[in-house]
Amino acid sequence: MPLQTDVDITPAGQRPDEDPSLAVRNNGGTPPSADPAPSGRREALLVLGFGGPEGPDDVMPFLENVTRGRGIPRERLLDVAEHYMHFGGVSPINAQNRALTAAVEREFADAGVDLPVYWGNRNWSPYVEHVWQQMADDGIEHVYVFPTSGFASWSGCRQYHEDVARARSVFTGAAPGGGPTAEKLPHYGDHPGFVQANAEALAAALASLPEDLRDTARLVATAHSIPDTMAAVAGPDGGAYQAELLRSARLVVDAVVPGRDVDLVWQSRSGPPSVPWLEPDVNDHLRALAAAGEKAVVLFPIGFVSDHVEVVWDLDNEARETAEELGMAFVRAGTAGTHPAFVAMVRELVEERRSGTPPRLGTNCPAACCFVRRPTGLRRGQEPSPA
Ligand SMILES: CC1=C(CCC(=O)O)c2cc3nc(cc4[nH]c(cc5[nH]c(cc1n2)c(C)c5CCC(=O)O)c(CCC(=O)O)c4C)C(CCC(=O)O)=C3C
Ligand SMILES: [Fe+2]
């Protein structure tokens, strides 16, 4: 499946029909076109992670947090709980986000950026609500939010906006104008820093293959599957999840082996089988490649920024096993993690916002952006939970 390269992504800041009042409501109070930081305003960066369990007893409550109101079958949760149990009930994701936070702190210090860095999660402790309280107590007045997700969609963008809005609502409800204001940083899948981090990982993975397979190995980018209905409304004009991922995968491959084919396929599908999600699944794709005579595959999880459970289980175990059964050589490239170029990107995104550069897609999303009315098998009358 050769992919197109000419994907046009419209920056939200240039949308003629953007309604500023909706943008304010959607991301919890940020003006649609934030001015350069007024001098004297006390600002901070929040690294906003997904969150993950820290032990076996956390696993089911964590899964319930993630899927509340989303119509995910109980059997699927028990299945996924097993994945976590292979790692003693501990997701590596919190340690990875702590490491990223520490690396960004050092980056700021080295570059003379005077900005405290906090870390909070959407689905597990430290919850964004608690960190918001901490930032308010510390006298922070404005927060740049760096999500550990660089792409459009309800799951990849809007939920991060909504969780910040929920954290803020405690303050805005109690005291008018209370609590720090928020500004989410834009999507970054096409940022040179993200591309470089992924390109170096892809180059290393390719180099680890036996020499006679390097030129012919199939390059396969993966991202989390999402329901078709969610994909259809991703971004201001729909379809932005696939479009951004495709563009990102293309940029990464072109940085390593210009012009070589790349496939974008999907992993970690959830939800009831009756609900269509993006396809093909990575395992089915491996089967198709083997049937077509391919001998080797290099997988790179472009849709994720760290080697969390969906990478180290779904790819390093399940997809690897599939490839082994098919007799194909298999390597999985690393994710951005704390690559210096990725860490420098975080600083650049903040500096861009502070200098008043017009917002790009993902910064101030209009209220209709990525909104899924009836997600993942919800019965009519059930409302999507904001959690
Ligand atoms: C687009 C996307 C990203 C990338 C953007 C981003 O990074 O935010 C992502 C990341 C992640 N997803 C993760 C874990 C889970 N995702 C689930 C469920 C779901 N993900 C979805 C989409 C995405 N997910 C969707 C549409 C669902 C169905 C429920 C719903 O409609 O909302 C479930 C429930 C069980 C299951 O059904 O699989 C779990 C446990 C972890 C943490 C891994 C760890 O702990 O190490 C991470 C980083
Ligand atoms: Fe997920």
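What is the volume of the largest pocket? The largest pocket has a volume of about 290 Å³. The model is a predicted one, in which local features need pLDDT of at least 70, side-chain atom pairs count only at pLDDT 80 or more, and totals for chains, interfaces and linings use all residues. Residues are numbered from 1 along each chain as its sequence is written, chains are lettered from A and ligands numbered from 1 in the order in which they are written, and side-chain values use heavy atoms, with hydrogens and water left out.

The domains come first. The assignment, which is automatic or from a database, gives domain 1 (12–187 + 339–354) and domain 2 (192–332). Their C-alpha centres lie 25 Å apart. Across the boundary, 26 residues of domain 1 are in contact with 32 residues of domain 2, where contact means heavy atoms within 4.5 Å.

The pocket can now be placed. Both domain 1 and domain 2 give residues to its lining, so the largest pocket lies between them. A pocket here is an open set of points on a 1 Å grid over the protein atoms alone, with protein on both sides within 12 Å along at least five of seven lines; a cavity is a set of points where a 1.4 Å probe fits but cannot get out, and lining residues have an atom within 4 Å of a point. Grid points are joined across faces, edges and corners, and a volume is the space filled by probe spheres set on the points. The largest pocket is lined by 17 residues, and Arg76, Asp79, Ser268, Arg269 and Ser270 lie nearest its centre. Two or more lining residues come from each of helix H3 (74–85), helix H11 (282–291) and helix H13 (314–326). Helices (H or I, at least four residues) and strands (E, at least two) are DSSP runs, numbered from the N terminus. H3 provides the largest share of the lining, 4 residues. By class, the lining has 4 nonpolar, 6 polar and 7 charged residues. In this scheme Ala, Val, Leu, Ile, Met, Phe, Trp, Tyr, Cys and Pro count as nonpolar, Asp, Glu, Lys and Arg as charged, and the others, Gly among them, as polar.

Ser268 also has a backbone feature: its phi is near 60°, a positive value in a residue other than glycine. Ser268 sits in the loop between strand S6 (263–267) and H11. It counts as buried because its relative accessibility is 8%, and buried means under 20% relative accessible area, exposed over 50%, partly exposed in between (1.4 Å probe, protein chains only). The loop between S6 and H11 also holds Pro280, which a cis peptide bond joins to Glu279, with omega about 5°.

The structure holds 4 cavities of 30 Å³ or more, and about 850 Å³ of space lies in the largest cavity. Of the 44 residues that line the largest cavity, Phe50, Val66, Ser155, His224 and Glu310 are the closest to its centre. H6 (154–174) is among the helices that each supply at least two lining residues, and H6 gives the most, with 5 residues. The lining divides into 20 nonpolar, 20 polar and 4 charged residues. At least three lining residues come from each of domain 1 and domain 2.

Two helices pack with each other. H4 (residues 93–111) has 19 residues and reaches 27 Å from its first C-alpha to its last, close to the 27 Å expected at 1.5 Å a residue; the expected span is 1.5 Å times one less than the number of residues. Among the buried residues of H4 are Leu100, Val104 and Phe108, and what covers the buried residues of H4 includes H14. Just after H4, Gly112 takes a positive phi of about 70°.

H14 (residues 340–354) has 15 residues and reaches 21 Å, close to the 21 Å expected. Its buried residues include Phe342, Met345 and Arg353, and H4 is one of the elements that cover the buried residues of H14. In the segment after H14 lies Cys370, which has a positive phi of about 65° although it is not a glycine. Cys370 counts as buried because its relative accessibility is 1%.
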